[in-house]
Amino acid sequence: MTQPLLIPVLGDQLSHGLASLAGSDRNDSVVLMMEVRGEATHIKHHKAKIALIFSAMRHFAAELAASGWTVDYVALDDPDNSGSFAGELARAVKRHQPRAIRVTEPSEWRVRQDVAQLAAALSLPVEVLEDMRFLCSHGEFADWAEGRREWRMEFFYREMRRKTGLLMEGNQPEGGRWNFDTENRSGPPAGLRGPALPRFAHDEITTAVLALVEGKFADHFGALGAFNWPVSASEAETAAEAFLNERLPTFGQWQDAMVTGEDFMFHAVLSPAINLGLLDPLDLCRRAEAEYRKGNAPLAAVEGFIRQIIGWREYIRGVYWQTMPGLAAANALGATRPLPDFYWTGETEMACLADCVRITRENAYAHHIQRLMVLGNFALLAGIDPAEVADWFLVVYADAFDWVELPNVAGMALFADGGRLASKPYAASGAYINRMSNYCSGCRYDVKQKTGPQACPFNALYWHFLDRNVDKFGTSRRLANPYATWRRMDGDKRGEYLASADAFLETLVPAKPGWARSGS
């Protein structure tokens, strides 16, 4: 092949309809796929996350080759692998002498800046195509956001409902309401168990990748023993069918519930496959809607699932590209406390946090309430440095790419963006965790005790957070009730809360360096 078109395909672009593939001639193109150490270690990603991405890449490369594409695949252990994105592109240019490079835009700001330098570095034309796998383009989101004093997902979500026609009756929402979230907040009854996820046997590719990752990334967080992620489009389709048939009907009611030892409950657990490109998010939403139309799933459950995808997912991406690169350094609340060591080790007497870290370590997964209202809530209340928290979330979750992780952590969990994304901080005491889980029944701390060494730390930390941020939130309409309660307390009671929180914070041991970033 003389002077072909070179098409780099990144690890989260594993879709046959990818823009750079869809508009190209497979008889006149070379697809370049690269496993590079630099991408696996710039943040020391969870072992299972690296294994998932590498195995999915290898399976996708095999599918492309089987369908007639010429694929140049550089494995991590190739002795000539330079270990960097730029280095492997330069080597590929020497091998293939392409006339031009065509690439679908990267999902992350950092990689997008690297791509912007390619034309000058390689002395070749570089065409960057918009990623059409999202419903809302960068320009469309910018137009929606322009002139708005506040960005709120709820209003954006309504636009996406109108655009897609999902759960619409003409111009009105199905059931007369846009949002059924109030029906999706049930705490767990005793004995609540979710159905088992489908199991995926490790084929030759996955087996080899798991051994590679264990050998090359032994010092990274996480375990591989429970690895059960779908690594191909066909396996992802099996996972999607299982969710739609077995868990969607009860997903809504229990989507916020947490139960010790129940790692997946009724959740879809499809976000890694969606973010890698193995599943089409709009297709999933249409299939979920079809389950409602057929009477197989209630409206509240289906609306809640669809809102997470065409609402939160699309909104978060829009916020990311509108606020980068500044979002990465945002710290509106001036939080500077180091990340506690138990985020990595799980060694804490707080049962909720210990179980959430365990789930995360074993599965590279935790559901959205565990992330937001346990792990994120603690970091918010304790005043943990947003950059350290964001690094942790980016490391530990299989679905965490910068575009989706950073706005959720900096904006939603930590209010570090000053309220651009959320209208109030997601701060809660132990009462919320007790209502939505069974964690407190097996905890060494007493959730009903407010202060002192036996009290649930979330209780005093909640008031400590409000007190130290009174200048920022004291006049907020959304926090009027808790501040009114705080002001009604006598001075001695407020002092007990603050002293109890301070005493607990003194016990926090900072994480050892090197967990998230080498040498840091």
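This is a predicted model: local features need pLDDT of at least 70, side-chain atom pairs count only at pLDDT 80 or more; totals for chains, interfaces and linings use all residues.
Q: What makes the phi of Met265 worth a remark?
A: Phi of Met265 is near 50°, which is a positive value in a residue other than glycine.

Q: What is the phi of Gln3, and in which segment does Gln3 lie?
A: Gln3, which is not a glycine, has a positive phi of about 40°, and Gln3 lies in the segment before β1 (5-8).

Q: Why is Gln3 given the class that it has for accessible area?
A: The relative accessible area of Gln3 is 46%; buried would need a value under 20% and exposed a value over 50%, so Gln3 falls in between and is called partly exposed.

Q: How do you know which class of accessibility Ala211 belongs to?
A: Ala211, which is found in helix α9 (residues 204-216), has a relative accessible area of 52%. The cut-off for exposed is over 50%, and Ala211 is therefore exposed. In space, Ala211 and Ala51 are 9.1 Å apart, C-alpha to C-alpha, while in sequence they are 160 residues apart.

Q: Why is Glu63 placed in its class of accessibility, and in which helix does Glu63 lie?
A: Glu63 lies in helix α3 and has a relative accessible area of 27%. Glu63 and Thr348 are 285 residues apart in sequence, and their C-alpha atoms are 45 Å apart in space.

Q: How do you know whether α12 and α13 are roughly parallel or roughly antiparallel to each other?
A: Helix α12 (residues 281-293) and α13 pack with their axes 9 Å apart and at an angle of about 165°. Angles over 145 degrees count as roughly antiparallel, and α12 and α13 are therefore roughly antiparallel to each other. Their crossing is left-handed.

Q: What makes α16 and α17 roughly parallel or roughly antiparallel to each other?
A: For helix α16 (residues 368-382) and helix α17 (residues 386-396) the packing angle is about 150°, and the axes are 10 Å apart. Because the cut-off for roughly antiparallel is over 145 degrees, the two helices are roughly antiparallel to each other. The crossing in which α16 passes α17 is right-handed.

Q: What kind of peptide bond joins Met324 and Pro325, and what is its omega?
A: The bond that joins Met324 and Pro325 is a cis peptide bond, with omega about 5°. Pro325 has its place in the loop between α13 (299-323) and α14 (342-345).

Q: How many cavities are there of 30 Å³ or more, and what is the volume of the largest cavity?
A: There are 5 cavities of 30 Å³ or more, and the largest cavity has a volume of about 460 Å³. It is lined by 25 residues, of which Gly11, Asp12, Glu39, Ile53 and Phe401 are the closest to its centre. The elements that give two or more residues to this lining are α2 (37-41), α3 (47-66) and α5 (109-116), and the largest share, 5 residues, comes from α3. By class, the lining of the largest cavity has 15 nonpolar, 4 polar and 6 charged residues.

Q: What lines the second largest cavity?
A: The second largest cavity, with about 100 Å³ of space, is lined by 14 residues, and nearest its centre lie Cys352, Cys440, Cys443, Cys456 and Phe458. At least two residues of this lining are supplied by each of α15 (351-363), α19 (430-436) and α20 (457-468). Its lining has 12 nonpolar, 1 polar and 1 charged residues.

Terms used. Residues are numbered from 1 along each chain as its sequence is written. Side-chain values use heavy atoms; hydrogens and water are left out. On a 1 Å grid over the protein atoms alone, a cavity is a set of points where a 1.4 Å probe fits but cannot get out, and a pocket is an open set with protein on both sides within 12 Å along at least five of seven lines; lining residues have an atom within 4 Å of a point. Grid points are joined across faces, edges and corners, and a volume is the space filled by probe spheres set on the points. Helices (H or I, at least four residues) and strands (E, at least two) are DSSP runs, numbered from the N terminus. Ala, Val, Leu, Ile, Met, Phe, Trp, Tyr, Cys and Pro count as nonpolar, Asp, Glu, Lys and Arg as charged, and the others, Gly among them, as polar. Buried means under 20% relative accessible area, exposed over 50%, partly exposed in between (1.4 Å probe, protein chains only). Axes are lines fitted to C-alpha atoms, for helices over the stretch in contact, and angles run from 0 to 180 degrees between N-to-C directions. Angles under 35 degrees count as roughly parallel, over 145 as roughly antiparallel, 65 to 115 as roughly perpendicular and the rest as oblique. A crossing is left-handed if the near helix is turned anticlockwise from the far one by less than a right angle, and right-handed if clockwise.
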